[in-house]
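Please look through the sequence and the 3D model before reading on. The report below is meant to be read alongside both.

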Amino acid sequence: MSKDIQFEELFEQLDQAIEPLKKTEGITYLEAVYQTAENIFEHKVLQENMNPELSQKLLEQYNNIQLEEVPAEVIRRAYQLVLLKGLREDEIQTNHQMTPDSIGFIMGYLVDKFTANTKDVTIFDPAVGTGNLLMTVHNQMKERESISMTGVEVDDLLVSLSYAGANLQHTPMRLIHQDGLSNLLIDPVDAVVSDLPIGYYPNDEGAKSFELRQDEGHSFAHLLFVEQAFNYLKSGGHAVLLLPSDILAGEVGKQLNAYVQQNGSLEMVLQLPDSLFKQKEAVKSIVVFRKKSEEVQPAKDVLISQLPNLSDAKKMLAIIKKLEEWFKNN
């Protein structure tokens, strides 16, 4: 397969291999995505008792999908399209939807800038989902000696899809099938990046170990994930998180601000345009925190900005210039 292949063409090839497997195995589209990716990676049909004629046809399709010379970003975007089709077709819940590329690119830009002086970068996503955001960030990073990524996901199908996607892109990623709010065997990292699940955390017993728990009733999962990000950051490390835009307001905001002031600093709040969200109350912002360190000082100024429509190139260029100026001064 040519390295000049377009991601739309690769999507069509993947989709044409996924649909027959879905039909003959009687599984969901997303399950067929995972199994197809595994078959391509292993260069064989792993499903036993399949009709030999169909098995041979699928194998021929897999052999035509040669990904060795295809850029990782092209593979990621094609894989993203099959995942999006599956998420729509299988009617997956909102918290499992993928982060739009336009947001992922900004978050990747920020992680790259915050770790610019680090040769061996470590990145962690405690709610990795399908892995698309983490791979988007990875592909945005400038050349480093190494980039080590770790993702944690409680849903078995989603973590399988992350694993399959990383294999297709030939990009190493350590994946852990576990509750992202439990005790994790992960060394401190340079950056945490995540589109955090919004809502209540049902494990009241597990929430007791967090300072940001609620005294009564279920705690907010996204608040606990902010604390978890601090738990696994190196001193001076950054958390680049997608959170509700009102996260710093009201009683919840007071609780979060007190925790952040004690453990680090708020560096940046970039509110995303309302047009990206179906409901006004669902609007999110990219919020950046930094963990306290004796060796570095917090930012002189917290950057708070409203992002324009992300398809408006002229206005986005102005925002990038504003960000570049902030990085220069902080």
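## Basis of the model

This is a predicted model, in which local features need pLDDT of at least 70 and side-chain atom pairs count only at pLDDT 80 or more, whereas totals for chains, interfaces and linings use all residues. Residues are numbered from 1 along each chain as its sequence is written, and side-chain values use heavy atoms, with hydrogens and water left out.

## Overall form

The protein contains eleven helices and ten strands, where helices (H or I, at least four residues) and strands (E, at least two) are DSSP runs numbered from the N terminus. The C-alpha trace spans about 65 × 45 × 40 Å along its principal axes.

Of the 330 residues, 50% are buried, a term that means under 20% relative accessible area, with exposed meaning over 50% and partly exposed in between (1.4 Å probe, protein chains only). Among contacts (heavy atoms within 4.5 Å) between residues at least 6 apart in sequence, 72% join residues at least 24 apart.

## Nonpolar cores

As a general rule, nonpolar side chains tend to be buried together in soluble globular proteins. A nonpolar core is here a set of buried Ala, Val, Leu, Ile, Met, Phe, Trp, Tyr and Cys residues joined through side-chain atoms within 4.5 Å. The largest one has 38 residues, and those with the most contacts inside it are Leu110, Met268, Leu270 and Ile286. Several elements each supply at least two residues of this core, including helix H5 (101-114), strand S8 (264-271), strand S9 (284-291) and helix H11 (313-329). H5 gives the most to this core, with seven residues.

A second, separate core of 35 residues includes Leu10, Phe11, Ile27 and Ile65.

## Two loop residues

Thr130 is found in the loop between S1 and H6, and Thr130 is buried because its relative accessible area is 9%. Leaving aside neighbours within four places in sequence, the contacts of Thr130 are Leu83, Met98, Leu158, Leu161 and Ser162.

Leu196 lies in the loop between S4 and strand S5 (200-201) and counts as buried, at 1% relative accessibility. Although Leu196 and His222 are 26 residues apart in sequence, their C-alpha atoms are 5.8 Å apart in space. His222 is also one of the contacts of Leu196, among them Pro126, Phe225 and Leu241, when neighbours within four places in sequence are left aside.
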